[in-house]
Amino acid sequence: MGENGYKANIIPGMRYRDAHAAIEWLCEVLGFERRMVVPDGEGGVAHAELTLGGGMIMLGSDQGNADDFVVAPTPDGTLTQNAYIVVSEIEAAYERAKDAGANIVSELEEQHYGGSLFSVRDPEGQLWHLGSYDPWAEQESG
């Protein structure tokens, strides 16, 4: 438990042009689970909560207006942030993503700071890093 008894006190939020397809992909390829999906009444998603272990992301459909503070990635792939997911079975996560035909932009590789990591882009261009390095675990001093 984190501060104030929350499982995680930082919850990334993002927008997708096709939030329903994004939810499906995130669950099937990266292993998220649906906690809540609220329709927007126009075929999109007003709000969704997906969990993975003790973490959560929130997402919804791109509103397509200047009043929305969060937008889907630009078509050229411009991003200002990305997500890192700690996984205990990194090889299995890599094989699941590979078998699903995910756009792997960085192959599974050991990292100099510990653990192994690979990176994928989801169908709308969001960047996801999956790694076995757990920054919360006590690290050996070198």
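Along the sequence, the protein runs in the order β-α-β-β-β-β-α-β-β-β. That order comprises two helices and eight strands. The model described here is predicted.

**The protein as a whole**

- The protein has 142 residues, and 35% of them are buried.
- Its exposed surface comes to about 9000 Å².
- Taking contacts between residues at least 6 apart in sequence, 51% link residues at least 24 apart.

**Strand E8 and its cover**

- Strand E8 spans residues 127-131, and five of its five residues are buried.

**Partners of E8**

- Strand E5, made of residues 83-86, runs parallel to E8 and is joined to it by four bridges.
- Within the protein, Tyr-84 is found opposite His-129 of E8.
- Strand E7, residues 116-121, pairs with E8 in the antiparallel sense, with five bridges between the two.
- Val-120 faces Trp-128 of E8 as its opposite residue.
- E7 and E8 together make a hairpin, and five residues lie between the two strands.
- The turn of this hairpin includes Gly-125, which has a positive phi of about 100 degrees.
- E8 therefore has a parallel partner in E5 and an antiparallel partner in E7, each pairing resting on at least two bridges.

- Ser-61 belongs to strand E4, which covers residues 55-61.
- Is Ser-61 buried or exposed? Its relative accessibility is 7%, so Ser-61 counts as buried, the cut-off being under 20%.
- A polar atom of the Ser-61 side chain lies 2.7 Å from the backbone nitrogen of Val-45.
- Which residues does Ser-61 contact, leaving aside neighbours within four places in sequence? They are Arg-15, Tyr-16, Ala-19, Asp-40, Gly-44 and Val-45.

Conventions:
Residues numbered from 1 in each chain as written. Predicted model: local features only at pLDDT ≥ 70, side-chain atom pairs only at ≥ 80, totals over all residues. Heavy atoms only, no water. Buried < 20%, exposed > 50% of the residue type's maximum accessible area, 1.4 Å probe, protein only. Contact = heavy atoms within 4.5 Å. Areas by Shrake-Rupley, 256 points an atom, 1.4 Å probe, with all protein chains shown as cover. Polar contact = N/O pair within 3.5 Å; in protein donor to acceptor, adjacent residues only side chain to side chain.
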